[in-house]
Amino acid sequence: MAQPTFILQGEHAVEALNVKVQSFVHRVTGAEHYHLLADNPENVFMVGFRTAPTDSTGVAHILEHTVLCGSQRYPVRDPFFMMLRRSLNTFMNAFTSSDWTAYPFASQNRKDYFNLLDVYLDAVFFPRLDELDFAQEGHRLEFSDPTDSSSPLIFKGVVYNEMQGAMTTPASFLWQGLTQHLFPTATYRFNSGGDPEIIPLLSHAQLKAFHQRNYHPSNAFFLTYGDLPAAQLQAIFEERALKNFSREAGAPFFVSPEKRFKAPKIACERFPAESVKEGESDDRSHVLMGWLLDAGSSLENLIEAHLLAAVLLDNSSSPLLDVLETTALGRAPSPLCGLDDDHKELIFCCGLEGCAADAGAEVEDLILATLQQVAAEGVPLEQVEAALHQLELQRREIGGDGYPYGLQLLLQAFPAVVHNSSVIERLDIDPVLIKLREKIKDSGYIGALLQRLLLDNPHRVRLSMVPDSELAGRREKALRARLAARLRALDSRQKEALLLQAKALAARQQENDDPEILPRVGLEDVPDKLPIPEGKPGPAPLPLTCYAAGTNGLVYQQVVFALPALDESAELSDKDNSLLDLLPDYSSCLTELGCNGLDYRQTQAWQARVCGGLNAYYKVRGALDDSGRVKGLFVLSGKALCRNYAALNDLMRKTLESIRFDEVEHICEIMAQTLAHQEQQVTASGHQLVMRAAAAGCGPIAALGHRVHGLEGLKKLKKFYAEISQKGEALQSVSRRFAALHERIIAAPLQFLLVAEEEREASLTAELEQVWQGSQFKPAPDFQDFSLPLATRLVREAWTTDTKVNFCAKAYATVPVAHPDAAPLAVLGGFLRNGYLHRAIREEGGAYGGGAGHDPVAAAFRFYSYRDPRLKATLEDFDRSLVWLQEAKHEARQVEEAILGVVSQIDKPGSPAGRAKQAFFDGLYGRDPEFLRAYRRRVLAVTLKDLQRVAHTYLNPQNAGIAVLTSPARAASEAAALGLEVLDL
C-alpha cells in the first residue's frame, strides 16, 4: 500500500468556530497544509509563500502580478482576469504583505472550485514570467511617444502606478517611516509593495530568481476551509505540482528578529503637502509613538498584548484614547493607533494627527504620563472585563459579508503559519481567555503588563511627520533629471530596443488568446434556486420580524424608523447645511454621546460591557419602478452575546430616549475624527468618489450620495468643522439642530428586526417585549415614500487634491431595478470591462483598475478608472468601448461570461446575520424573494442584442456626467481643456 503524500501532524476541534483543524506536512518537500474542516459548501483555498524582501523594489508585489500572466499548462496572457469571467467564484484575489504573498479563492460550486485550483497551482509553481508581462505589470522605460525616440522618457507599469497612488497619503508615509526606524536591520524597513523611486531598479532576472527561491514548495503552505476532505485536495496538490519537486535546502525562509534598542529613538520625516494660505497656521503634522513589543511568541502573550491595547484604546472611556481625543495638541488620534500583529514581532502605536510641527516632545510627554498613571493606578476591573468581553464576541461572530468566513479564519491563522507558531493555538483562544479571566482579578495585573510591555521597553520610536510643500516639486524635478540623464546616456541601439519593446508590448496586448485553453463553468452550472432567508412576524402587537440563523450564540437587533421628510423650520434653517446634510454627522454622534444621565465616557464603557457596539446609519432607496420616489430608513443597530440581550435592549432604548446632545465638546471631537478619516480615504477610494460626483445629475438618490458622502460632502464637512471648532455659537447651533433632527426621527413609525438561532427566538422576543413596554415609540406595519428635495444637474467637474495619479468617471442616467432594461444594463458593465476596458485602461493605459457597472439604486450607469496615469485618454476609452460594443464582432461566450459575473454577485452567500438583514431590508423596499428571483431570471436571459440596445438607448456621450480627481497641475493642463469646472477639494 502506497504511503500518503501528506503526513498528519495533528488535529483539533475548535468548537467556538465549528471547525476541525487538521495539520499536515508533505512527505517529500516539507510543504505545510492546514485544513479547516467545516460543514460549509463555500470552500476556500489559499496557497502562500514566505517572501520577505531585501529591498524596496517591490519584487514580491510585482511577482504577485506577473505569476498571474500565464503558466505552463495555461499559456494565455491573462488567466487570472479570464478566470474571473469564467467562474462562479465568491472570492478571487492575490495579496502581498510585508513578509508573505498569498493567492486565495472561494467558490460554492465544486466544478468551479477544482477549475480554479488547477489554474492557481499552475500559476504559482510554473509561471511563464515573460519579460513583456514584467514590463507591463511591474515597470518599464518608454518614450512618451512610443514611436519617437526623440520624445522624453517616462516610467510606466501597473505596480509602478499603483504605488504612486498608494504612497500619497500622510498615513502611508507615516507607516513606512515608522517601520524604517523601528526595524533598522529587519526586512520590515523595506516597502514590500515597492517605493516608486526604487521600483525601476528591479530587473527581470532578479524577479525570476526571487520566484525560484521563494516559490518553492519547501517554502510554501496550503490553507483550505470547507466540506471537502483534505485527502482529496492533497491528491490534486501532488498531481498538479508537488510531484515535480524535491526538498529545497535552507527552506522555509523565516524572518529574523530585530536587534533590540538600548534606548528610545526620535525621528522626523516629511510628507508632500500643498502650501497653506498666507496667515494660516500649519497644523498638519503627525506625531506617532511606536513600540516593538517584547511579547514572546506564545498565544497567551499575543492575547495579553491585544487585551492591553483594548484597555488603553478601545473606546472613549479607555484612558489613552480619552487623552488623545481631548488634548489640544492635535486634531484627532492617529489612524495608526492600535496593535499590529501581522509581523514577526508585535507593534503598538499611538499618537496624534493635526499637530504643530514642533509638538513631538509634548505629545510624547502626554502619552508617557498617561501610561505611567494607568500603571500606577490601574484600571477598574469592569473595564478590563469589558475588553475581554469584546475579544470573546469578536471570536464567536461568524462573518462573511466582506471576505468569505472561511477566508477570514485562514487569514487569522496566517501569521502563525508564516512565523512558525501553532495554528491550532491561534484559532482556539478559549483556553487563554479562561486563563486571563483569572489573571485580571489581580488589581495590579494590567499595570504590571503595561510596565513590562511599554514603559520598561526601550525599543521605542517617536516619529514626527511634517508637511513639506516643496517636497513633491523636488521629487518631480529629480525624476525629470533622472529620466533626462537616462535619455542622454542611451545610444542608438538602446533607443531602438526601447522602441521595439514598446511595439512588442502593444502587439501582445492586442493578442486574442484562445480562452478555451482555460477551464470554465457555464450557464448550465448555475443553480436553479436562489436561497433567500424568510422572516416571520413576532407576536402582536409588537412590530417585529424574526429571522432564524446560525449565529453561534450571538443576537443581532435593529430598530428601524421611517425616515421623515427633512424639510426645515425657519428657526433651524442653515444655508450651508440642511437637516439632510446633517444626517450622516448626527448618525456618527448618536452612538458616541452620553445617555441616561451618563456622560459619553460612561456610556462607552456601558456599551463595551454589554454589546459589540452600537451603530447608527440611514438608507435611502427609490421605488422599484421610480427612482425619484424614495423611501428612507434610519437604523440603530446592535449585536450581543445572547446572555446580554436584555441589557442590549435597555441600552438601545436609553440611547434613543435620553441621548445627550449637550456634550458639545465631544461632538466637535467626533467631527474632527470623522473629517480625518474621510480625508485619509480620498486617494484610497477616489474611484468611488468620482463615480458619485459624475452620477450626481442622474437622480435624487445619486445627488444625495455626492452631496453627503462624496467630494461635495467632504468639502462641506471641512467648512462645517472649521466653523464648529471655534467652539462658539456654531457648535451650540449644531447641538440644537441634532436634537431637533433626533426628535423628528424618533417620532416616526418604527419596526424591530431580530436575528438569532431559532431555539432562542421565544425567550429573546419576550425579553424585547419586556424592555420596550411602555415606550412612546410609534409602531407601524409599513413605511411611506417621500420626495427628496434635491435638484439634479449634469456634472462636468475636475476635483483637485495632492495626488500623482488620477481617478476618472463618466455616468449616465438609466432606469430603476424593476425596469426590463435593468438586467441588460447590469450585464453590460461586465461585458465592457471584460472585452474592452480592462485591456485599454489597465494593460495599455497602466491604471491599477478600471471598469463599468450599473447602479439600479441610483439609476445610473458608471465608468471608472483607479490610480490612473492618464486622464483625457481614459475618458475617451470609455466612449470607445461603446463604439466597440456596436461595431466589433462578439461571441456568445462573452455574453455568458458577463452574465456569470452578475449571477455570482447575486448568489454570493454572506454571513448568516448579514443574509437575514439583507432580506429584511429588501422586503421593506419591495424587493421580496419572488422579485429578486425574477430579476435573476432576467439576467440569465440577456442577449447581445439586449446589450447593444440598452447602450444605444441610455449611453449617449453627449449626456454623460464627468468627474475626475487629479492634481492641480493636471487639472490646469487637461481638465480645463475638456470643459470641466475645476474645484479644489
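Which residues is Tyr586 in contact with, leaving aside its neighbours within four places in sequence? The first legend answers this for the predicted model.

**View 1. Surroundings of Tyr586 in the largest nonpolar core.** Leaving aside neighbours within four places in sequence, Tyr586 touches Phe634, Phe661, Phe738, Leu741, His742 and Ile745. The largest nonpolar core has 89 residues. Those with the most contacts inside this core are Val559, Phe561, Tyr586, Phe634, Met671 and Trp772.

**View 2. The hairpin of strands β20 and β21.** Strand β20 covers residues 614–623, and β21 covers residues 626–641. The two strands run antiparallel and are joined by ten bridges. Across the pair, Lys619 stands opposite Leu633 of β21. Strand β20 is mostly covered, with seven of its ten residues buried.

**View 3. An open sheet of six strands.** The strand order is β26-β27-β25-β28-β24-β29, and the pairing is mixed. At the edges are β26 (849–855) and β29 (981–984), each of which pairs on one side only. On average, neighbouring strands of this sheet are turned by 15° against each other, direction ignored. In general, strands of a sheet pair through backbone hydrogen bonds, in either the parallel or the antiparallel sense.

**View 4. Strand β24 beside β29, with helix α23 on the sheet.** Strand β24 (residues 796–800) pairs with β29 in the parallel sense, over four bridges. In this pair, Trp799 stands opposite Leu983 of β29. Helix α23, made up of residues 686–694, packs on the sheet. The strands touched by α23 are β24, β25 (806–813), β27 (860–868) and β28 (961–966). The direction of α23 makes about 35° with that of β25.

**View 5. The buried and exposed sides of helix α15.** Helix α15 spans residues 430–439, and Val432, Leu433 and Leu436 in this helix are buried. Seen down the axis of α15, the buried residues fall within an arc of 100°, so they line one face of the helix. An α-helix has 3.6 residues a turn, so residues three or four places apart point the same way. The face of α15 turned away from the buried side carries Ile434 and Glu438, which are exposed. The cover over the buried residues of α15 includes helices α9 (299–313), α12 (381–396) and α16 (445–455).

Methods
Residues are numbered from 1 along each chain as its sequence is written. This is a predicted model: local features need pLDDT of at least 70, side-chain atom pairs count only at pLDDT 80 or more; totals for chains, interfaces and linings use all residues. Side-chain values use heavy atoms; hydrogens and water are left out. Two strands pair if DSSP finds at least two bridges between them. Axes are lines fitted to C-alpha atoms, for helices over the stretch in contact, and angles run from 0 to 180 degrees between N-to-C directions. Contact means heavy atoms within 4.5 Å. A nonpolar core is a set of buried Ala, Val, Leu, Ile, Met, Phe, Trp, Tyr and Cys residues joined through side-chain atoms within 4.5 Å. Buried means under 20% relative accessible area, exposed over 50%, partly exposed in between (1.4 Å probe, protein chains only). The arc is that of the directions from the helix axis to the C-beta atoms.
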